[in-house]
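Welcome! Take a look at the sequence and structure first.

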Amino acid sequence: MSLSVGIVGLPNVGKSTLFNALLKRQQAYVANFPFATIEPNVGVVPVPDERLRRLADVIESETNPSTGSTALTTSPLRVSRPPEVPSIVQFIDIAGLIAGAHKGEGLGNKFLSHIREVSAIAHVVRAFSDPDIVKQGVANPKSDFETIETELKLADLQTLEKQKDPGNTPDADLRKKWEVVLKLKDAIQKGIPGRDLELGEEERKFAKELSLLTSKPILVVLNVDEGDLKEGNKIEIGFASSVGIHTSQVVAISAKIESELSTLSLVDQEAYLSDLDVRESGLGRLIKKAFETLGLITYLTAGVKEVRAWTISKGMNAQEAAGVIHTDFMKNFIKADVCDFDKFVEAPGWKAARDTGYVRIEGKDYIVKDGEVIEFKIGSG
């Protein structure tokens with residue numbers, strides 16, 4: 001399961017600066033990237049997860065028991081430290097968003113085709129002050145956001161207008177789908193985005209088939225001045241209140257700082273953030289909020305071949321979670337050995353955790369929790 005976030009924004013809001021910073025992060029990660037090619041408008045970055053480093057420490061020490069420092073470095077039996085494979089997020093640079101994009105203005109058609117494919121939309125809006133950068137046609141972050149939302153709503157209305165009234169058809173599903181179309185059209189004409197319309201389970205299924213843009217979960221990236229980062233939480237709360245969305249959907253970032261961070265080593269990044277009195281990079285906070293908005297969590301696997309984070313939807317059971325690794329794992333699922341992360345590190349490792357009674361045996365219906373370390377037992381197909 002991959003998380004894809006489409007980055008949209010009006011001219012001169014810092015969208016390109018942020019995306020270029022993401023591309024630099026991608027280049028640093030490319031050795032572990034599991035695909036052969038990367039589209040030029042896609043930045044693939046790892047999800048920051050300190051737990052992977054700690055798991056690798058545990059597996060390394062478990063498979064290379066200490067018999068003295070010399071033996072550790074010279075023994076031919078020494079096993080290499082397992083590689084760390086984090087979850088990834090695809091950030092897609094959505095081209096051509098200007099007023100009139102829904103009519104094909106600028107690169108509007110390309111914009112619409114790309115945005116329909118993403119898991120969530122990140123609106124980059126300008127909240128920084130720079131007299132050298134012209135601000136075109138917008139007065140404040142709220143109006144930036146409203147302009148983008150208007151384009152999405154107008155594009156959705158076009159989609160809904162193309163749906164045909166089935167008339168007196170005997171097909172019950174077609175009639176129900178038409179009722180959903182009318183309900184959505186009425187809501188969007190009143191300024192209510194598709195994501196805010198309350199629908200039943202069957203109605204949501206029909207709505208999903210329409211691929212409406214305003215039904216996508218949203219995040220708002222406030223591109224702030226460097227000096228405003230300390231007050232980021234306060235700024236996020238204020239903006240969320242002004243546009244009627246939840247604070248968890250807003251993140252204050254300085255695209256300029258993210259660009260500078262992308263060129264530094266991890267140690268230097270930590271030092272730089274400390275100097276700014278900021279605990280975490282904007283990218284890290286953006287990814288966390290994207291996970292929260294989309295209801296995603298990660299579970300972990302730990303072995304000598306690799307330690308890895310796997311992205312799943314909150315509420316998935318053990319059998320479904322196994323299927324994220326491989327469909328055969330889901331089909332041939334027997335059981336799952338599950339250990340809380342802290343207990344796994346405390347033990348440390350699988351053998352000690354089992355000996356201590358920290359490992360639980362769970363069946364296919366067990367609901368997986370964020371951060372659990374899991375080893376699946378799979379039968380032969």
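Predicted model: local features only at pLDDT ≥ 70, side-chain atom pairs only at ≥ 80, totals over all residues.

The protein has 381 residues, and 45% of them are buried. Its secondary structure comes to 15 helices and 12 strands.

**The protein as a whole**
- Among contacts with a separation of 6 or more, 71% join residues 24 or more positions apart.

**Where α6 meets α7**
- Helix α6 covers residues 172-189 and helix α7 covers residues 201-209; their axes come within 9 Å and cross at roughly 75 degrees.
- That angle makes α6 roughly perpendicular to α7.
- On the α6 side, the residues in contact are Asp173, Lys176, Lys177, Val180, Lys183 and Leu184.
- Their partners in α7 are Glu202, Glu203, Phe206, Ala207 and Glu209.
- Sorted by class, this contact of α6 with α7 has 7 charged residues, 4 nonpolar ones and no polar ones.

**A look at aspartate 49**
- Aspartate 49 sits in the loop between β2 (42-46) and α2 (50-63).
- Is aspartate 49 buried or exposed? Its relative accessibility is 19%, so aspartate 49 counts as buried, the cut-off being under 20%.
- The side chain of aspartate 49 makes a polar contact with the side chain of arginine 51, at 2.9 Å.
- Leaving aside residues up to four places away in sequence, aspartate 49 touches Thr298, Leu300 and Ala309.

How values were computed:
Residues numbered from 1 in each chain as written. Heavy atoms only, no water. Helix = DSSP H or I, 4+ residues; strand = E, 2+ residues; numbered from the N terminus. Buried < 20%, exposed > 50% of the residue type's maximum accessible area, 1.4 Å probe, protein only. Contact = heavy atoms within 4.5 Å. Axes fitted to C-alpha atoms, helices over the stretch in contact; angles between N-to-C directions. Parallel < 35°, antiparallel > 145°, perpendicular 65-115°, else oblique. Nonpolar A, V, L, I, M, F, W, Y, C, P; charged D, E, K, R; others polar. Polar contact = N/O pair within 3.5 Å; in protein donor to acceptor, adjacent residues only side chain to side chain.
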